[in-house]
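Here is a short walk through one protein chain. Keep the sequence and the 3D view side by side as you read.

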Amino acid sequence: MLNYNIDSVQSAEKLIRLCEKYHDDMDIDIMHGRTVVDGCSLLGVTSLIGKFVSVVPVGRNEDAIQKFAEELERIK
């Protein structure tokens, strides 16, 4: 589980683009409290603007998950 602050429309767009890049390798859930949205969902992710969220990559390709985590750290 990775943490990310969706503090603006721009940060939401960065997160969505990153999730779309890895969409073929894994599913990415964005969680805030009891709310869970798909990382590729424009409406879902933008509804969480102003929130600290947990980003949960779900898949079997450990290399892709590691690369995703590294890229997420860079866009923070």
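Buried means under 20% relative accessible area, exposed means over 50%, and partly exposed covers the range in between. The model shown here is predicted.

Start with a residue that meets the first cut-off. C19 has a relative accessibility of 1%, so C19 counts as buried. C40 sits at 22%, so C40 counts as partly exposed. A disulfide is a covalent bond between the sulfur atoms of two cysteines. How many disulfides does a search of the whole structure find? The search finds zero. For C19, the nearest cysteine sulfur is that of C40, 5.6 Å away. The cut-off for a disulfide is 2.5 Å between the sulfur atoms. C40 is likewise in no disulfide, and the nearest cysteine sulfur to C40 is that of C19.

G39 is in contact with C19, and with I16, I28, I30 and V45, once neighbours within four places in sequence are left aside. G39 is found in the loop between β3 (35-38) and α2 (42-46). The C-alpha atoms of G39 and V58 are separated by 11 Å, and the two residues are 19 apart along the chain.

The largest nonpolar core has 22 residues. Which of them touch the most other members? They are I6, L15, I30, V55 and F68. Several elements contribute to this core. β1 (2-6), α1 (9-21), β2 (27-32), β4 (51-58) and α3 (62-75) each supply at least two of its residues.

Take V55 as an example. Residues up to four places away in sequence are not counted here. V55 touches M1, L2, Y4, L15, I28, D29, I30, F68 and L72.

The strands come next. β4 pairs with β1 in the antiparallel sense, over five bridges. In that pairing, Y4 stands opposite V53 in β4. β4 also runs antiparallel to β2, and five bridges join the two. There, I30 has V55 in β4 as its bridge partner.

S11 lies in helix α1. S11 has a relative accessibility of 8%, so S11 counts as buried. What does S11 touch, leaving aside its neighbours within four places in sequence? S11 is in contact with Y4, N5 and I6.

Y22 counts as buried at 6% relative accessibility. F68 counts as buried too, at 0%.

Charged residues complete the tour. Side chains of opposite charge can pair when their charged atoms come close. A search of the whole structure finds two salt bridges. In one of them, E71 pairs with K21, and the closest N and O atoms are 2.9 Å apart. E71 lies in helix α3 and K21 in helix α1, so the pair ties together parts that are 50 residues apart in sequence. E71 is buried, with a relative accessible area of 17%. K21 is exposed, at 54%. Leaving aside neighbours within four places in sequence, E71 is in contact with L18, K21 and Y22.

The side chains of E73 and K76 also meet in a salt bridge, at 3.1 Å from N to O. E73 counts as partly exposed, at 48% relative accessibility. K76 counts as exposed, at 52%.

Conventions
Residues are numbered from 1 along each chain as its sequence is written. This is a predicted model: local features need pLDDT of at least 70, side-chain atom pairs count only at pLDDT 80 or more; totals for chains, interfaces and linings use all residues. Side-chain values use heavy atoms; hydrogens and water are left out. A nonpolar core is a set of buried Ala, Val, Leu, Ile, Met, Phe, Trp, Tyr and Cys residues joined through side-chain atoms within 4.5 Å. Buried means under 20% relative accessible area, exposed over 50%, partly exposed in between (1.4 Å probe, protein chains only). Helices (H or I, at least four residues) and strands (E, at least two) are DSSP runs, numbered from the N terminus. Contact means heavy atoms within 4.5 Å. Two strands pair if DSSP finds at least two bridges between them. A salt bridge is a side-chain nitrogen of Lys or Arg within 4 Å of a carboxyl oxygen of Asp or Glu.
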